[in-house]
Amino acid sequence: MDDQELGFKAGDVIEVMDATNREWWWGRVADGEGWFPASFVRLRVNQDEPSEDELLGTGARETADGGVEVQSSKDQMRTNVINEILSTERDYIKHLRDICEGYVRQCRKRADMFSEEQLRTIFGNIEDIYRCQKAFVKALEQKFNRERPHLSELGACFLEHQADFQIYSEYCNNHPNACVELSRLSKLSKYVYFFEACRLLQKMIDISLDGFLLTPVQKICKYPLQLAELLKYTHPQHRDFKDVEAALHAMRNVAQLINERKRRLENIDKIAQWQSSIEDWEGEDLLVRSSELIYSGELTRVTQPQAKSQHRMFFLFDRQLIYCKKDLLRRDVLYYKGRLDMDSLEVVDVEDGKDRDLHVSVKNAFRLFCGASGDSHLLCARKPEQKQRWLKAFAREREQVRLDQETGFSITELQRKQAMLNASKQQATGKPKVISRPSYLTRQKHPALPTTWPQQQVLVLAEPRRKPSTFWHSISRLAPFRK
């Protein structure tokens, strides 16, 4: 998230260089050094992992018949992990309750200051998350074996509630909007005093509301880490092993789904900017139905009745195919010429040779056929490999639409309007939009560390680094944002 923040993954060993602050430490790993939250690591005094024999007996306890039961180090570590899961879950429930009762409830009493739409923007669906988490922690408590904690079977709880965790996707997608709205309200003194009064009334720790609202984003990312740790200390013969293994896979999928949705929402600004650069645009905005550019390239469109050939640039989005004409003099300028609804089209591969309908010889061709109207569109690529790439892209488009329907992904009216507004502003100024970092994520350089930052105010997982893509760069060369 920041140049001064240390990124690391589970299993890394961090050399702690400065631990004077209780919540933020300065450390070093192979890739560099920076600040990291102390609560996300376990302190290892010895640098060598102790063997099973060395730790045998560390988990000894008295049994009911007066004897002594000796736990292996693995069982003891499993007990520690289970205790940590339950402890953090109880703390998280209290945190959600404080937000819902201390802020949301108080804000609803002040209709003169907050509209329902405003509250939805600031708090998202945090009340839904609170209800789901209460049911989840209750299920965990029921599965907890108080006499022999290492025998607790928590994996099934995660599997039973995995569908509920998908509601975090809506919250995470909305979180940037919440930051923007809170940043706007923070400039008005009456809102600053009101939020501070809410915090004091609920007896919450001394951090700002935007810091509290970051916690659910952290939480959903932390589950895979906790389950990976639990699986590490679960014997394959343990009754919970298969469930924990399945739960880890499920929660990784949830985190991946949230990351994918986040990426898609970041792309809608680029799509809006691309649309604003197209001359003579007609019809509804792209974002009304689409949110992903899947493929693009130049194709020859053969039209009836004279079998006229037209060279056009085609852009395949989910649910629609846009085609444009290049300017004769300025080849980097595109003019809108039309669109095709992919939901009503069937892609048909056409063999090289004479086309029966148009009575012309075609090569590297495919047809887009509309069964409802009987219309068809014959398109030709320059090379066979280009044709194959298009056919694969059409298959990906249908798969993308199917996945979006299954997962319920969609762009809200507010997100669409905001993206189009940003694009129009950029078009007017000719300057790239600057995305400012929320003030609570701005950190000072080592060693001057603010002591007011809480450990909650940091994202748990950084997204994996992606190989830089030239996809949008190529598109911008075809249709640059005009100044």
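Good morning. The chain exposes about 27,000 Å², and carbon and sulfur atoms supply 50% of that area; accessible areas come from the Shrake-Rupley method with a 1.4 Å probe. The model is predicted: local features need pLDDT of at least 70, side-chain atom pairs count only at pLDDT 80 or more, and totals for chains, interfaces and linings use all residues. Residues are numbered from 1 along each chain as its sequence is written, and side-chain values use heavy atoms, with hydrogens and water left out.

Of the 483 residues in the chain, 46% are buried, meaning under 20% relative accessible area with a 1.4 Å probe, protein chains only. The chain has 13 helices and 14 strands, taken as DSSP runs: H or I of at least four residues for helices, E of at least two for strands.

I turn to the open sheet. Its three strands are ordered β1-β2-β3, with antiparallel pairing; strands pair if DSSP finds at least two bridges between them. Because β1 (15–18) and β3 (32–37) stand at the edges with a single partner strand each, one side of each is left without a neighbour in the sheet. Strand β2 (residues 24–29) pairs with β3 over six bridges, and W26 stands opposite W35 in β3.

Next, helix α11, residues 384–407. Its buried residues include W390, F394 and V401. Among the elements covering the buried residues are α10 (241–277) and β6 (293–303), where contact means heavy atoms within 4.5 Å. Just after α11, G408 takes a positive phi of about 75°.

Terms used: Buried means under 20% relative accessible area, exposed over 50%, partly exposed in between (1.4 Å probe, protein chains only).
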